[in-house]
Structures are given as C-alpha cells and as structure tokens.
Amino acid sequence: MGGRDATMVLLDENGIRCDGRKVDEPRRIMIKAGGLKNADGSAYIEFGDNKILVGVFGPRDVHPKHMSDTDTGILRVRYHMEPFSVGERKNPAPSRREIEISKVIKEALEPAVMLDKFPRTAVDVFIEVLQADGGTRCAALTAASVALADAGIPMRDMVSAIAAGKVADTVILDVNNEEDQAGQADMPIGYMPNLEQITLLQLDGILTPEEYKKCVEVGVNGCKLVYELQKKALNDKYFGNGGD
Ligand code: ADP
C-alpha cells in the first residue's frame, strides 16, 4: 500500500470504483496463446492496462550441468519489467521486486507442472511486462500457465490468478494501480480450479478475519472466470480460427 491519496474517491455512493467498475467486476481480460515463433510455447495477456508477453523454452538441457536434478526437472522463471512499462522510467537493473515476483510465480506454477516427467532438464519461463497497471504478478502467472500449456508441458491443472482487495472498507475483485496505491488491502491469489488448490496467496494491508475469508472467496471465484478465458485462448489456437 502506498501513501493514501485523500482526494481520490475509490468507491462512490453508488458503489462504483475509480475506473467505473462495480465491486465484483474484473477489468477487461484478453488472452492469446502462441505468437512467438522461437519459443516452444508463448502467450500474451492484456489485463486492464497491463500488457504482458510470456515465452516458454524447454524441457531442455541445464547449463551449468550441476544445477540439474537427476530425479526431476526444474522450473526457472524470470519476471522482467521493461523500463518503459511504467509512467516514470524504471531502472533497467533487476530490482528486488522483480526477483521476489519471479520467485512467487515459480512457486505458484510448480504444483501445476509435472516436473518429475522430465528429469535432468529445465523449463524456462520468460515474462516481459510491456505495460504495468497494478496486478502484474497475477496477469503474468495467468499468461505463464497458458504459455506452458502451449509448449505442451505436462500439467496437472492450469493456475489462474487475480487479486482481491479492500477499498473504502469494501471487498473488491481485481485491484488496479490506484486501488493498490490508495486502498486498504491487496491480496493476489493463484488457484488451480480443477484441483481446487491455492498456489499463490499474498496480502499487503490489513483485513479482519471476516474480510480475509471474503477476499479469498471473491478471489477464488475471480480465478474461475480467468480460467475460462485461459481455456478459450488455447481452444482458439488449437481448435478455432485464432491459431498462428
Ligand atoms: P503487482 O504488479 O503484482 O500488483 P506491485 O503491487 O509490487 O505488484 O506493484 C503494483 C504496481 O505498481 C505495478 O503493477 C506497477 O503498475 C507499479 N510499479 C511497480 N514497480 C514500479 C516502478 N519501479 N515504477 C513505477 N511503478 C511501478
């Protein structure tokens, strides 16, 4: 949570948010599977004003070799923000935030990927944030799942992600940048809809136990909506007219 902007109305008297959405309304989400010729799998997502491209490579040999595991494959994730992805130019050096988000996305994907099927190899997931507007880790995790599926990596389920949060003492779905900065709580959730397992749950802010439960419920329901769009992206590429 950033410094609060007292002048910003995050929720008006009609229950409408600063970007015109209702409390339980996600931003516009568009997912495309494929698109990168040189990657084994890829996906592009627009999640509100977030624009993120993901390329997946592998399973492939691990260099240096001592990093490989004879019992299992390994997943490596790099989340990277372009310097032009935010209003004020971001320092191109890898930030602590990018390192943290790479780690949480990797850990959120690991339960979904059948790494034991390809020992001694690595699957690399490269995430490029072209434009950021709050919620990039959820949008990136969602797109990374689609890119892994597009690469034909065996998976137990896809991970779908969206944030719940709190503004003006009200639980909301899909926190945007202003709500993240000036609101009361932001809870990114990653969820495997078929296995009914949460693989990412973070919380920035303070919630009562009731609000916490409500956020998880609202977030998980949001993930189920996201899951339908992930499936549609893969269906469009492999069975529809959207392939390339
Ligand atoms: P997430 O993108 O997953 O919500 P954060 O809560 O850390 O992750 O970031 C919230 C938002 O803050 C980002 O989506 C982005 O719009 C903005 N942001 C992040 N890093 C920077 C930066 N270095 N400069 C300007 N804005 C940033």
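Reader: What makes a residue one of those around the ligand?

Author: A residue counts as near a molecule if one of its heavy atoms lies within 4 Å of it. M81, V86, K90, R97, A132, D133, G134, G135, T136, R137, N177 and D180 are the residues around the ligand. This is a predicted model, in which local features need pLDDT of at least 70, side-chain atom pairs count only at pLDDT 80 or more, and totals for chains, interfaces and linings use all residues. Residues are numbered from 1 along each chain as its sequence is written, and side-chain values use heavy atoms, with hydrogens and water left out.

Reader: What makes β6 and β7 a pair?

Author: Two strands pair if DSSP finds at least two bridges between them; strands are DSSP runs (E, at least two residues), numbered from the N terminus. Strand β6 (residues 160-167) and strand β7 (residues 170-173) have four bridges, in the antiparallel sense, and therefore they count as paired. One of the bridges joins A164 to L173 in β7. The hairpin has two residues between the strands, and A168 takes a positive phi near 45 degrees there.
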